[in-house]
Amino acid sequence: MIPRLLKLPEAQSYFLFGPRNTGKSTLLNSYYNKDNCIMFNLLDPNLENRFARDPVELVRIVKALPENTRYIVIDEIQKVPKLLDIVHQLIETTDKYYVMSGSSARKLKYGGANLLAGRAFVYNLFPFSFIELGEQFDLDNALAWGTLPKIKALKTNEDKKRFLDSYSHTYLREEIWAEHFIKDLDPFRKFLEVAAQMNGMIINFHKIAQDVGVDDKTIKRYYAILEDTLIGFFLDGFQNSFRKRLSIKPKFYFFDSGVARSLARMLTIPVLPRTSIYGEAFEHFIILECIKLSSYYNKDYRFSYLRTKDDAEIDLIIERPGKPILFIEIKSTDNVTRESISSFIKLSKEFGRCEAICLSKDPYPKNIDNVTVLPWKEGLIKLL
């Protein structure tokens with residue numbers, strides 16, 4: 001098993017959320033064993049039905065556990081949200097710890113579920129980070145196929161494509177259709193393809209609605225479903241008095257580059273250096289790593305981007321408590337020049353009170369005007 005960066009607590013009840021196949025069950029199995037833990041996997045339809053019919057059954061089971069059983073793990077908790085009321089009661093009345101994992105927070109958020117009012121911490125698990133993979137990490141493979149744990153075990157591109165296409169269908173079938181989040185699957189399926197093709201772009205809800213054949217409100221609801229089922233996240237426009245700020249419309253990024261390429265039907269298109277596809281994939285990858293690492297290291301960071309009225313852009317802005325705002329330019333080139341980051345230099349100088357960094361494939365750290373150019377691995381480790 002590849003060690004994960006996420007450190008889970010030993011003496012605290014908690015939620016562990018993450019998309020399907022990110023390794024939640026594997027991680028939990030590595031933390032606990034049958035001597036000190038009992039596990040319930042609600043993907044088992046018989047077990048799901050048992051607790052759905054009678055959630056209090058969990059109380060009876062817990063009361064009969066031996067004293068050395070300290071942990072009660074409930075996998076895919078969103079399948080039976082009513083169990084959270086029972087867990088709440090058990091946290092208050094027993095000396096055991098309750099671990100609840102899931103691949104969707106939507107049913108919990110909108111179903112009136114008891115989220116335990118702070119009695120359980122919340123952790124998130126993502127696909128592999130380059131740090132976790134260490135010497136096994138391959139950038140070009142990550143850009144083309146993503147970093148879901150299953151991808152690492154597959155040897156051929158054909159097998160990787162089959163897995164990612166199956167993963168996308170599983171999401172539609174199990175996370176969306178089976179949970180009755182939508183009534184009509186066809187427009188949502190079309191939306192997924194359009195949204196994946198627009199990964200990392202500023203969202204024009206009205207234009208997407210026209211392409212899909214639904215109204216703007218439906219498109220916003222579709223994006224909310226993606227966010228709540230952990231398939232992606234919004235990156236908002238920078239909120240500041242900076243006089244050139246124009247766009248506050250959000251961007252949307254899928255949680256994994258391989259899944260995004262599968263949904264966009266682009267897995268057969270190679271991701272080659274010095275192409276726009278490669279540059280976009282590299283930017284996506286760096287932003288995903290920033291999100292992962294800030295979550296794992298428990299950084300209270302706020303992420304955004306900036307687009308000016310003349311279309312100059314800062315790829316990523318990180319607001320760090322007690323530190324200057326961090327402006328990040330992402331370049332897939334192996335030779336960053338002043339000309340290639342001239343717009344970034346100008347914008348960061350105009351803002352003034354910031355730290356300006358360029359992360360790239362350039363193997364040499366440089367200082368160009370007020371911008372520090374760093375090899376991307378070194379930069380991410382240093383900054384996060």
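Student: Is Leu 326 buried or exposed?
Tutor: Leu 326 is buried, with a relative accessible area of 1%. Buried means under 20% relative accessible area, exposed means over 50%, and partly exposed is in between, using a 1.4 Å probe and protein chains only. This is a predicted model, where local features need pLDDT of at least 70 and side-chain atom pairs count only at pLDDT 80 or more, while totals for chains, interfaces and linings use all residues. Residues are numbered from 1 along each chain as its sequence is written, and side-chain values use heavy atoms, with hydrogens and water left out.

Student: Where is Leu 326 found, and what is Leu 326 in contact with?
Tutor: Leu 326 is in strand S10. Helices (H or I, at least four residues) and strands (E, at least two) are DSSP runs, numbered from the N terminus. Setting aside neighbours within four places in sequence, the contacts of Leu 326 include Leu 316, Ile 318, Arg 320, Glu 355 and Leu 383. Contact means heavy atoms within 4.5 Å.

Student: Arg 320 and Glu 355 are both on that list. What do Glu 355 and Arg 320 form?
Tutor: They form a salt bridge, with the closest N and O atoms 2.8 Å apart. A salt bridge is a side-chain nitrogen of Lys or Arg within 4 Å of a carboxyl oxygen of Asp or Glu. Glu 355 lies in strand S11 (residues 354–360) and Arg 320 in the loop between strand S9 (313–319) and strand S10 (325–330), so the pair ties together parts that are 35 residues apart in sequence. Arg 320 is buried at 8% relative accessibility, and Glu 355 is partly exposed at 28%.

Student: How many salt bridges are found in the whole structure?
Tutor: The search finds 24 salt bridges. Among them, Arg 307 pairs with Glu 313, with the closest N and O atoms 2.5 Å apart. Arg 307 is partly exposed at 21%, and Glu 313 counts as buried at 18%.

Student: What about Arg 162 and Asp 159?
Tutor: Their side chains also meet in a salt bridge, at 3.4 Å from N to O. Both residues lie in helix H9 (residues 157–177), three residues apart, about one turn of the helix. An α-helix has 3.6 residues a turn, so residues three or four places apart point the same way. Arg 162 is exposed at 53% relative accessibility, while Asp 159 is partly exposed at 32%.

Student: Different topic. What does the side chain of Glu 132 make with the side chain of Arg 4?
Tutor: A polar contact, at 3.0 Å. That is a pair of N or O atoms within 3.5 Å; within protein, one must be able to donate a hydrogen and the other to accept it, and residues adjacent in sequence count only if both atoms are side-chain atoms. The Glu 132 side chain also reaches the backbone nitrogen of Ser 129 at 2.8 Å. Glu 132 lies in helix H6 (residues 130–133) and is buried, with a relative accessible area of 8%.

Student: Now the sheet. In what order are the five strands?
Tutor: The order is S2-S3-S4-S1-S5, in an open sheet with parallel pairing. Strand S2 (37–41) and strand S5 (121–124) stand at the edges, each with a single partner strand, so one side of each has no neighbour in the sheet. Two strands pair if DSSP finds at least two bridges between them. Strand S1 (residues 14–17) and S5 pair over four bridges, and Leu 16 stands opposite Tyr 123 in S5.

Student: Last one: how many aromatic pairs are there in the whole structure?
Tutor: The search finds 29 aromatic pairs. The rings of Phe 137 and Trp 376 have centres 5.8 Å apart and planes at 65 degrees, so that pair is edge-to-face. Rings of Phe, Tyr and Trp (its six-membered ring) pair if their centres lie within 6.5 Å; planes under 30 degrees apart count as stacked, over 60 as edge-to-face and the rest as tilted.

Student: Are Phe 137 and Trp 376 buried or exposed?
Tutor: Both are buried. Phe 191 and Tyr 222 form a tilted pair, 5.2 Å centre to centre with 50 degrees between the planes. Phe 191 and Tyr 222 are both buried as well.
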